Amino acid sequence: MAEASGNRIHVLDEATINKIAAGEVVERPASVVKELLDNSIDAEATEIRVEVKGAGTELIIVTDNGRGMSREDSTLAFTKHATSKIGHIEDLERVLTLGFRGEAISSIAAVAKVYLTTREKGSISGTKVVVSGGSIENVLEVGTAPGTTISVESLFYNTPARKKYLKSMRTELAHITDVVTRHAFGHPGISFTLISDGKVLVRSPTSGDIFDSIVYLLGSESAKKLIPVEFKSDIVKISGYISKPGLSRSGTDLQYFFINGRGISSKSISNAVRLGYYNLIPKGRFPVAVLDLELDLSEVDVNVHPAKRYVRMSHEREVCDAVTLAVENALKAEQLVPEISLPEKKPVQAVFVEKAEEMLEDISKADAEVFVPVEKLELEVPVPENKISPLIREEEESYHFTARDTEKRLKRSERVLSKTPKKPERAPTGLDKARIVGQINELYIIVELENGLVIVDQHAAHERVMYEQICDISSSGWQELITPVTLDLTSKEKVLLEEYIPYLEEMGFAISEFGPNSYVVTTVPALLGKMESAELIHDIIIDLLSTGRVKNDTGMFDNLCKTMSCRAAIKAGAGCSMGQMESLLKQLDMADNPYTCPHGRPTMISFTRAELDKLFKRTG
């Protein structure tokens with residue numbers, strides 16, 4: 001059939017254009033907060049107050065004491081690509097302000113009802129502009145304090161599809177909290193306040209000292225474990241703080257990077273920081289970092305992302321090498337041996353002797369010669385002066401876990417199995433007719449069968465065992481901690497934790513508020529044994545944050561089970577004796593599904609004799 005004649009290409013109307021632009025800039029309520037904070041900072045505000053209701057979907061109010069706007073500018077601000085930040089294309093090469101594209105206010109107004117009230121410091125009266133769906137409905141002369149207040153109501157009221165895909169209220173509020181926290185770190189000379197439904201979540205000082213902001217935003221306990229970073233090369237100046245090796249997380253949520261004061265996300269810089277620690281922290285752990293990088297403005301392209309979340313650097317590799325070297329130097333210069341807690345006031349020598357004797361006893365019980373790191377004596381060893389710089393990329397050593405750690409983890413699941421009723425019969429895995437050959441790379445267990453061999457991933461295998469036991473929570477119960485564990489949380493983590501507390505309590509955790517940004521844990525699931533640090537809870541929170549929306553009845557509980565099983569299982573890098581490997585395989589053989597871990601990875605891979613013969617070209 002012939003197509004109808006006439007033009008098929010046409011110019012979109014202004015309302016549609018603005019909604020498309022809003023889709024690029026306004027992803028969620030936190031996006032609105034970020035754009036409005038950028039404008040307040042550019043307006044030289046020293047105090048910024050953010051109030052939200054319904055995690056920002058009902059109401060977002062940002063108030064600042066900045067320069068304010070004239071009547072003409074306050075209406076022009078809602079025009080697409082209207083900006084005071086740049087005048088010519090050449091200005092894009094040396095952007096000094098956080099905002100510059102001129103599409104934020106118009107994009108927000110396209111998907112919400114916006115009220116702007118502003119007054120210049122030298123003016124007698126101010127201006128109020130009312131905008132709905134991108135169209136200015138009214139402009140009024142009003143009395144108001146110097147500065148600007150923008151109210152965003154009913155976000156996505158005219159784009160229900162976008163609102164439908166928002167996460168839970170707590171998750172959206174966590175994102176808002178993270179945005180405010182990151183801006184507070186980047187601008188310690190500005191006071192930031194975040195209030196949600198009448199409750200203060202974030203309040204930072206105006207001292208101008210980044211360390212003061214760290215104390216307020218990350219907590220005093222975390223701040224005590226940070227060391228300063230000062231470094232300068234031909235292309236970059238680096239300043240800020242990183243954590244001692246004893247403070248790390250399972251994700252990069254406590255890494256804050258800034259380039260010329262602009263908060264950014266950068267996997268390459270995060271990797272550079274991690275490389276600076278070399279093997280001082282285990283694989284899969286990430287240090288805390290608050291780092292500001294000063295570069296020549298012409299070396300940074302900030303116009304590569306609609307939300308200005310990423311930047312492009314002309315000499316990224318050289319900058320990342322400088323970050324790694326800065327971290328290395330900071331760690332070398334710092335005394336990394338922590339103070340030892342002496343509750344009974346015993347001499348330090350006695351404490352070390354007791355620790356050593358305890359280790360030797362545990363190794364003897366494990367019946368194995370495994371690597372015992374000095375870290376087990378609760379020491380964090382600084383990088384030796386003669387260590388080859390990781391910039392040369394020397395082959396990295398794997399992180400080791402002690403025999404005691406392996407034994408402790410296996411005993412937990414072993415105790416539960418002894419109390420678990422016998423399960424229905426299923427097809428055997430063949431492990432009951434196996435001979436354990438040994439362990440490779442402290443991760444894989446080699447097992448000889450009658451007609452072939454099996455390679456078992458020890459972490460995946462134990463994770464499967466732990467997962468099934470944790471899911472059957474009635475067989476575990478809970479136990480009270482002799483010494484309660486205090487969690488020093490960020491505001492973002494606190495927001496998230498409050499949503500999951502009922503589910504954590506169902507599994508055996510007893511968690512209660514203990515100060516402005518702290519919680520105390522008094523009981524844990526019996527499966528976890530004695531919880532000696534707060535890392536497990538922190539890791540659970542971070543993992544849950546990345547899962548997004550889940551069904552409360554099953555999805556949330558299952559995610560908790562998977563996270564806890566992963567944290568409680570034997571680790572890669574754990575030396576295992578023959579007895580420990582045998583215990584693990586027996587436990588795996590009793591699992592309902594011994595073939596995959598909870599995340600779907602295989603626990604074992606088998607090779608028949610025929611397949612091995614084929615690999616070695618034994619065709620005769």
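This report describes the fold, the helix packing, the cores and selected residues of one predicted protein model.

## Basis and overall make-up

The model is predicted: local features need pLDDT of at least 70, side-chain atom pairs count only at pLDDT 80 or more, and totals for chains, interfaces and linings use all residues. Residues are numbered from 1 along each chain as its sequence is written, and side-chain values use heavy atoms, with hydrogens and water left out.

The chain contains 18 helices and 24 strands; these are DSSP runs numbered from the N terminus, with helices being H or I of at least four residues and strands E of at least two. Of its 620 residues, 49% are buried. Buried means under 20% relative accessible area, exposed means over 50%, and partly exposed lies in between, with a 1.4 Å probe and protein chains only. Among contacts (heavy atoms within 4.5 Å) with a separation of 6 or more, 72% involve residues 24 or more positions apart.

## Helix 6 and helix 14

Helix 6 (residues 169-186) and helix 14 (residues 491-507) have axes that come within 8 Å and cross at roughly 170°. Helix 6 is therefore roughly antiparallel to helix 14. Axes are lines fitted to C-alpha atoms, for helices over the stretch in contact, and angles run from 0 to 180 degrees between N-to-C directions. Angles under 35 degrees count as roughly parallel, over 145 as roughly antiparallel, 65 to 115 as roughly perpendicular and the rest as oblique.

On the helix 6 side, the residues in contact are Arg170, Thr171, Leu173, Ala174, Thr177 and Asp178, and they meet Ser491, Lys492, Val495, Leu496, Glu498 and Glu499 of helix 14. By class, this contact has 4 nonpolar, 3 polar and 5 charged residues. Here Ala, Val, Leu, Ile, Met, Phe, Trp, Tyr, Cys and Pro count as nonpolar, Asp, Glu, Lys and Arg as charged, and the others, Gly among them, as polar.

## Nonpolar cores

A nonpolar core is a set of buried Ala, Val, Leu, Ile, Met, Phe, Trp, Tyr and Cys residues joined through side-chain atoms within 4.5 Å. The largest has 56 residues, and Leu37, Val152, Phe185 and Ile214 have the most contacts inside it. Helix 6 gives the most to this core, with 7 residues. Another core, of 30 residues, lies apart from it and includes Ile259, Ala289, Met313 and Ala330.

## Aromatic pairs

The structure holds 2 aromatic pairs. Rings of Phe, Tyr and Trp (its six-membered ring) pair if their centres lie within 6.5 Å; planes under 30 degrees apart count as stacked, over 60 as edge-to-face and the rest as tilted.

Phe185 and Tyr256 form a tilted pair, 4.6 Å centre to centre with 50° between the planes. This pair joins helix 6 to strand 12 (residues 255-259), 71 residues apart, and both Phe185 and Tyr256 are buried. Phe211 and Tyr241 are also tilted, at 5.2 Å centre to centre and 45° between the planes. Phe211 lies in helix 7 (residues 210-218) and Tyr241 in strand 10 (residues 237-243). Phe211 is partly exposed at 26% relative accessibility, whereas Tyr241 is buried at 17%.

Gln255 is located in strand 12 and is buried, at 4% relative accessibility. Leaving aside residues up to four places away in sequence, Gln255 touches Arg182, Ser270, Phe286, Pro287 and Ala289.

Asn260 is in the loop between strand 12 and strand 13 (262-264). Its phi is near 55°, a positive value in a residue other than glycine. Asn260 is partly exposed, with a relative accessible area of 29%.
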